[in-house]
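Try each task before reading its solution.

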Amino acid sequence: MVTIRQIAQDAKVSTATVSHVINSTAYVSPELRKRVLASVRELGYQPSALARSMRTKQTKTVGIIIPDITNPFFADVVRGAEDLFLQEGYTLIIGNSDGETRKEEQYYRTFCSKQVDGLLMVVAPAEQAPEYLRKHNCEAIPVVYLDRTCRGLRGDGVMADNIAGSFDAVCHLLDLGHRRVAIITGPPQLQNARMRLEGYKRALEQYQVEVDNELVREGRFDV
């Protein structure tokens, strides 16, 4: 493994100069910078991610916990996040919870122990937010919840306007003359499932159509 000392010897500069060039911590003349970078390329130097993270207090990694990567929706979410983080020099680590709180917690604790710089989470269905998320220190590791949340969960989130989306979809069907409009919701523990049902009911109410409970069925959202 090539070291900074070897780079310094090859470029005929001090180890401090090499460090400044690699980490952009101080001004180095263009001539010396060029010599250092040439040695870096020629010797194939790779900076130690561990050493850098200890110095900067950053690991340049972000964890994302989703229910199932084979679900096309979550696959698109991961790909979008990965592309964006890669542009900023971060690596995305993925965990599949299968919609199970137990597995979700395992990945959560693993990512926290690896000191990721942030977490993205699509929470598993639950009646109440699990204790480990309610007690999470967002100042230590920021968390952004994606697509859904559950009762008792606080924090930043990126969500669709589920009420408006459901309302507009049902209104469209009602405008076409349909009056027996059914809805398949997700698990009622999930806020987005409850919001979609709310939008459905608001649309029926606006068109003075009575809610038929036989046309309201619960689904799983494929976790």
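**Exercise 1. Work out the strand order of the open sheet and say which strands stand at its edges.**

Solution. Keep in mind that this is a predicted model.
- Step 1: trace the sheet across its five strands, which gives the order 2-1-3-4-5 with parallel pairing.
- Step 2: look at the ends of that order. Strand 2 (91–96) and strand 5 (156–158) each have a single partner strand, so one side of each lacks a neighbour in the sheet.
- Step 3: On average, neighbouring strands are turned by 25° against each other, direction ignored.

**Exercise 2. Find how many bridges join strand 4 to strand 5, and which residue stands opposite Val-144.**

Solution. 
- Step 1: take strand 4 (residues 143–146) and follow its link to strand 5; the two run parallel and are joined by three bridges.
- Step 2: start from Val-144 and look across to strand 5, where Asp-156 stands opposite.

**Exercise 3. Describe how helix 1 packs with helix 2.**

Solution. 
- Step 1: the axes of helix 1 (residues 4–11) and helix 2 (residues 15–23) are 8 Å apart, at an angle of about 105°.
- Step 2: angles of 65 to 115 degrees count as roughly perpendicular, so that is the label for helix 1 against helix 2.
- Step 3: Ile-4, Arg-5, Ile-7 and Ala-8 of helix 1 meet Thr-15, Val-18 and Ile-22 of helix 2.
- Step 4: sorted by class, this contact has five nonpolar, one polar and one charged residues.

**Exercise 4. Find the angle and handedness of the crossing of helix 8 and helix 9.**

Solution. 
- Step 1: the axes of helix 8 (residues 162–175) and helix 9 (residues 191–206) come within 7 Å and cross at roughly 35°.
- Step 2: this crossing is right-handed.
- Step 3: the contact includes Phe-167 and Leu-174 of helix 8, and Met-195 and Tyr-200 of helix 9.
- Step 4: the residues of the contact divide into nine nonpolar, five polar and three charged.

Definitions and conventions
Residues are numbered from 1 along each chain as its sequence is written. This is a predicted model: local features need pLDDT of at least 70, side-chain atom pairs count only at pLDDT 80 or more; totals for chains, interfaces and linings use all residues. Side-chain values use heavy atoms; hydrogens and water are left out. Axes are lines fitted to C-alpha atoms, for helices over the stretch in contact, and angles run from 0 to 180 degrees between N-to-C directions. Helices (H or I, at least four residues) and strands (E, at least two) are DSSP runs, numbered from the N terminus. A crossing is left-handed if the near helix is turned anticlockwise from the far one by less than a right angle, and right-handed if clockwise. Contact means heavy atoms within 4.5 Å. Ala, Val, Leu, Ile, Met, Phe, Trp, Tyr, Cys and Pro count as nonpolar, Asp, Glu, Lys and Arg as charged, and the others, Gly among them, as polar. Two strands pair if DSSP finds at least two bridges between them. Angles under 35 degrees count as roughly parallel, over 145 as roughly antiparallel, 65 to 115 as roughly perpendicular and the rest as oblique.
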